[in-house]
Amino acid sequence: MALLSRVADRMYWAARYVERAEDSARVLRSYGDVLADLPISTSRWHPLVTISGSDVHLPAVAESDEAQVAQFLISDREHPNSIVNSVDNSRENLRTCREVLPREAWQTINDLSIYVRGAAVTSVERRRRDRFLARVIDESRRLDGVLTSTMTRDEVFEMWRLGRYIERADMTTRVLGVRAAGLLSQPEGSVDEFAEVQWMGVLRSLSALQMYQRATRGPIDGPAVVRFLLFDHRFPRSVAGCLAEMRTSILRLPEYSTVLGAIEAADRQLRQSRPAADDGAALDAAMESVQMALARLDAVMHEQYVVH
Amino acid sequence: MEADGSPRPIARELIDLIHRIGLEEVRERQRVSDLDILTMGISFTVYSDGENIDRAWPFDIVPRLIDGAEWSVVELGLAQRLRALNRFIDDVYNDQEIIADGIFPADLLEDSANYRPECRGVRPKFGVWAHISGSDLVRAGDGQLYVLEDNLRVPSGVSYVLENRGVAKRAFPELFQQHLIRPVDGYTDELNKLLASLAPEGRTDPTIVVLTPGIFNSAYFEHSFLAQRMGAELVEGQDLVVGDDDCVYMRTIQGLERVDVVYRRIDDLFIDPEAFNPDSMLGVAGLMRAWKAGNVGIANAPGAGVADDKCVYAWVPDMIRYYLGEEPLIPNVPTYRCMYDEERDFVLANIGELVLKPANESGGYGIVIGSRATPEELETAAAAVRADPRNWVAQPILDLSTAPTLVDEGIEPRHLDLRPFILTGEHSYVTAGGLTRVALTKGSLVVNSSQGGGSKDTWVVDGPLDGAATAPNGTQTNSQMQNQANG
């Protein structure tokens, strides 16, 4: 049966929102972990606000305050990308397409939403935060698991995958654009004894540490980390990997040629960023260009499948 | 309860079980059920403080029991009633024989708020207009089930019948092992078959859609549930378009795709801005055109609500006799029609013992309960009846039956009603039981979930009814079994 445009749109956004919640949880979790290993003087929380990509920015003072940044990212209802809003947005989108979903999938997002609404405010506090974030990550993965193991590989499923991977690719570029670029930009000759810890943090925030080590079998090296997260298409959170998954999905949808073109364009943009892997300012700019290519891809899909 | 205070046999097992496990365990099972409902997202939407809130569905764990033999008669009675009602609707939009034969007054039809002149001359398949209906039944003090009203437009609640059963099975698994409780799960399959049968001629493997007003509608959960169970598309007005060829299409990622059957859950005044309310944002312009051209089946057919009217209700027993030549198997609540002098005189003389209902209101508006009204209110009501007798009917105040219900005070009797769902097409189908709604406040008769009412799973139980009398063939007669019926 053909897929309603409206349902396609809502599936896609449900996937994007739950991925956003999961990714934010992972970034926040790993960042808190890294900062615990650093001297207090170097603790800076504002990069997380930048990564969240929100238009609503905290006042400068608040950006250095852990509790306020955590509150902003977890439970702030005024912040459109807060975890509590992302989960609720995902649930609301899925609520309007329950008829095409396996029932357990709806229950998983509903469960998560009930949990997040109840626990978000009290989970800002550091002691409870980790468990909360771990649960958000787990439930989001469970949702993927339910869909992957019980859903027919139809157009609904491909819309879900497209939403997941475009959001994931976007998050990887934002983590690299902010944190990796920041690390690479440290003045020549200054030996940062904590650099390794921080690069590990970058990898952890994308669940990539172990796979990076397996792939490179070498020490943690900034430019190598960047190249891994951008180009190792075998790693499912790398930008190249996400684009490859999107290509697979789009070929299973009708009339895909313009969308495929937009994926190829994003891929070209990605390849152009290769020389930027060891230069902070260049990397920041390159990531912005990839993000713009992803935004164009989003617009082309909307044009092709929703408004047409 | 029996006259001597002992529980009726059909209920014995349940009462024994509750005694055995104790009130605390019953409460624990209730908590588990509430949690089930919350995590499964079984909800209904209420409008309050300017916001639409998605609320967990209220469910009372103690089931309502109905004897299988009694129910078999009720099933026949409901199918009979809907056959006659559909004959009536088809008749009033076509030949109007019932009026020509002097059985039904012509002016009553013209005054009916739900009569749609736009539907004159349409002949839907099988002569059926009200395909899906939910008649409300009440059991009065005499033990008899009565039809209180017929909901022929967009009756809701059936999804909760199915969901309540799922929850009840987990709450009382031991009883499901011991009793033959008639399953309810077949409904969506029957509905799917019925809707498919409404497709235009020659359309094989028809595309069926459920048309919802959207997420803010109080029954959205049900619309989604039914679409999911039938594998149909859940659409909003904006998803559909009627082409120049008078066919209905839905907007898909591949462009337009033909739709054969629309199960509409939108009131008929809103389904087509071209034919009815031009300001409707919910409907589909041209849907009536497509339907009249025979290019799409619509359930329930526009105009079916003409028979869903408190005044028309009084004629249903006559319709059954007129169209089917049968006697009604389930009685109406006696209804006095104030348009007739003799009945009006009776109403005015006995106004303190009657319920007065305006014919063209719904949702309980304008109802006057004689025994609870002040003398001034009764005088106002009497004046209203005299001024516009055609707009009023009156019924005796019913002593509604109760069933044991878990409340703060323990397990106590609470008033309830019952809404079975009836499918009518080429054949008829009636749910086993239906949606039991219960007033959770002591003495209250308000069962609406939006006003603090609850729901129960309804068990139509076939023998053995009593743990002691296990003879599979059953030595009890029908009438004995009916006397033992609970709820």
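Start with chain A, which splits into domain 1 (1–151) and domain 2 (156–308); these bounds come from an automatic or database domain assignment. This is a predicted model, in which local features need pLDDT of at least 70 and side-chain atom pairs count only at pLDDT 80 or more, while totals for chains, interfaces and linings use all residues. Residues are numbered from 1 along each chain as its sequence is written, and chains are lettered from A and ligands numbered from 1 in the order in which they are written.

Colour the two domains of chain A separately. Their centres, taken over C-alpha atoms, are 19 Å apart. Across the boundary, 28 residues of domain 1 of chain A are in contact with 25 residues of domain 2 of chain A (contact: C-beta atoms, placed from the backbone, within 7 Å). On the domain 1 side, select helix 1 (5–36) and helix 2 (46–51) of chain A, the elements that give two or more residues. Helices here are DSSP runs of H or I with at least four residues, strands are runs of E with at least two, and both are numbered from the N terminus. Helix 1 of chain A gives the largest share of that side, 18 residues.

Next, select helix 7 (155–184) and helix 10 (222–231) of chain A. They pack at about 170° with axes 11 Å apart; axes are lines fitted to C-alpha atoms over the stretch in contact, and angles run from 0 to 180 degrees between N-to-C directions. The pair is therefore roughly antiparallel (angles over 145 degrees).

Ser207(A) is not a glycine, yet its phi is positive, about 50°. Ser207(A) is partly exposed, with 17 other C-beta atoms within 10 Å (20 or more would be buried, 12 or fewer exposed).

Now show both chains: 18 residues of chain B are in contact with 20 residues of chain A. On the chain B side, helix 1 (9–39), helix 8 (220–230), strand 9 (233–235) and strand 11 (248–252) each supply at least two residues.

Two loops of chain B remain. Gln96(B) sits between helix 2 (68–92) and helix 3 (97–100), with a positive phi near 55°. Finally, centre on Asn300(B), in the loop between strand 14 (297–299) and helix 10 (310–313) of chain B. The peptide bond from Ala299(B) to Asn300(B) is cis, with omega near -15°.

Methods:
Two residues are in contact if their C-beta atoms, placed from the backbone, lie within 7 Å. Angles under 35 degrees count as roughly parallel, over 145 as roughly antiparallel, 65 to 115 as roughly perpendicular and the rest as oblique.
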